Amino acid sequence: MSYRNNIQLTKDKKLRHFLSIEGLPRAVLNEILDTAENFSSVADQAVKKVPILRGKTIVNLFFENSTRTRTTFELAAKRLSADVLNLNISVSATSKGESLLDTLSNLEAMQSDMFVVRHAKSGAAQFIAQNAPPHISVINAGDGNHAHPTQAMLDMFTIRRHFEDFYPLKVAIVGDILHSRVARSQIHALTTLGANEVRVIAPKTLIPTDIHTLGVHVYHDLPSGLNDVDVVIILRLQKERMDGAFLPSEKEYFHTYGLTEEKLAYAKPEAIVMHPGPINRGVEIESSVADGPRSVILKQVTNGIAVRMAIMSMAMGSYSAAREGAT
Amino acid sequence: MTTYDVGAMLDDMAQQLKQLYVGQDPLMIGIHTGGVWVAEQLHAAMGLSQPLSSLNISFYRDDFTRIGMHPQVNPSVISGSVEDQPIILVDDVLYTGRTIRAALNEIFDYGRPGSIRLAVLVDRGGRELPIQADVIGKKMTLDVGEQIKLSGPTPLELSIIQSEGI
């Protein structure tokens, strides 16, 4: 894979924007995980803050609702001592007819340093990065069905903290792969980091037909798909994206694809259970599994802060360094 | 290349520190990476009961806007509380004082220590801030083109080398 012309990286391969896992070399992903490890100790401080982004302005541009992602981005930015502006664009300027690029120009005029973008259209963050002036870094906080790279990295961080090494691991991603930007980013991250095997488990209607090109194994039933895996990632059944006839019913889905303790027994005894949230209890996962000893779902949320701190400070640092010509 | 007897320097430092903390059990904090190596030796020589703590000051540096992030996998680990504790801060080489400034700021984000003293293996002068060490293994003045090289953690070796490319 060629990393040239990749707007995510500077000439010396430092993170400049963070738009998708695809196109990032393993070294950069490892650097994110290592930096996040360092940031995780900030939570032990009485003052849970480091001064590294003092005086920087980060704008959370959310064109689509999200509570967890926006709040953890906000918390991460604040723990880096940056100033944070939260803009909920769907109810703001665009409803008054202002174009996206005009909104961005105004934010640039307010001397922002970074945009964190969540948008329902695939490619939105990339578009903004291409049109932003050179001093602004763009972080993708989820775009359409395309990518959710910070979620994938916090999942990788959670897995690495648990198992240390990706090489021996078998990972199964269960659920709505078709509509899931999370699954796509996770698959790219796991293969880049060298996981032994990545599986997707879902009904045929919820798996993209070209999925095998990403190097994953496809299963249509839980017992054989979960057999011998180390990590089970359950995806949320995205009711808001289910306008076609993808499924007979939620009850039927739970019966076949919902993770119960009984089904989890097919995985390795030390396997962990992950979910990007928010969880639909009794639809894709049974409460006793979600709250059980093998669930790391709340650790994922905590880890999301350190991982987002790492990504934001790396992207901001590479620009600063380039500007000073000191690299 | 000049090499030094690090063992004797460490013995001397441990003796001085013991006299400063008679009847007290201070918390020792080493600064990554060289400072932790020196602190490990001093910690053992003094027989301190509180586990050794370590600081990674990357996020408190004053040159982030110039050189960006330093990739390094060494999170800060402070064992227990710094609140009201007597603290011995340990680094390998004291030069401009900027690292110590950063370390002091980080420690205060963990709480309000009772006191902090600074112990360094080498004081090479060249301060840019009003910061001084309380216990010093050796004072040195380097000529242009000379560099201090510390390798470790075991054996801990200190030498002066001619820097390349100058």
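Biologist: Start with chain B. How many helices and strands does chain B have?
Modeller: This is a predicted model, and in it chain B has four helices and eight strands.

Biologist: In what order do the elements of chain B run?
Modeller: Starting at the N terminus, they go β-α-β-α-β-α-β-α-β-β-β-β.

Biologist: And why is chain B called as compact as a globular protein of that length?
Modeller: Its radius of gyration is 16 Å, close to the 15 Å that the globule rule gives for 166 residues, so chain B is as compact as a globular protein of that length. Along the principal axes, the C-alpha atoms of chain B fill a box of roughly 45 × 40 × 30 Å.

Biologist: What percentage of chain B is buried?
Modeller: Of the 166 residues in chain B, 37% are buried.

Biologist: Which share of the contacts in chain B join residues at least 24 apart?
Modeller: 70%, counted among contacts between residues at least 6 apart in sequence.

Biologist: Change of topic. How many residues of chain A are in contact with chain B?
Modeller: On the chain A side 24 residues, in contact with 21 residues of chain B.

Biologist: Which helices of chain A each supply at least two residues of that side?
Modeller: Helix H1 (26-39) and helix H11 (297-324) of chain A. The largest share of the side of chain A that touches chain B comes from H11(A), with seven residues.

Biologist: What about that side by class?
Modeller: The side of chain A that touches chain B has eight nonpolar, nine polar and seven charged residues.

How values were computed. Residues are numbered from 1 along each chain as its sequence is written. Chains are lettered from A and ligands numbered from 1 in the order in which they are written. This is a predicted model: local features need pLDDT of at least 70, side-chain atom pairs count only at pLDDT 80 or more; totals for chains, interfaces and linings use all residues. The radius of gyration is taken over C-alpha atoms; the globule rule is 2.2 Å times the number of residues to the power 0.38. A residue is buried if 20 or more other C-beta atoms lie within 10 Å of its own, exposed if 12 or fewer, and partly exposed in between; C-beta atoms are placed from the backbone. Two residues are in contact if their C-beta atoms, placed from the backbone, lie within 7 Å. Ala, Val, Leu, Ile, Met, Phe, Trp, Tyr, Cys and Pro count as nonpolar, Asp, Glu, Lys and Arg as charged, and the others, Gly among them, as polar.
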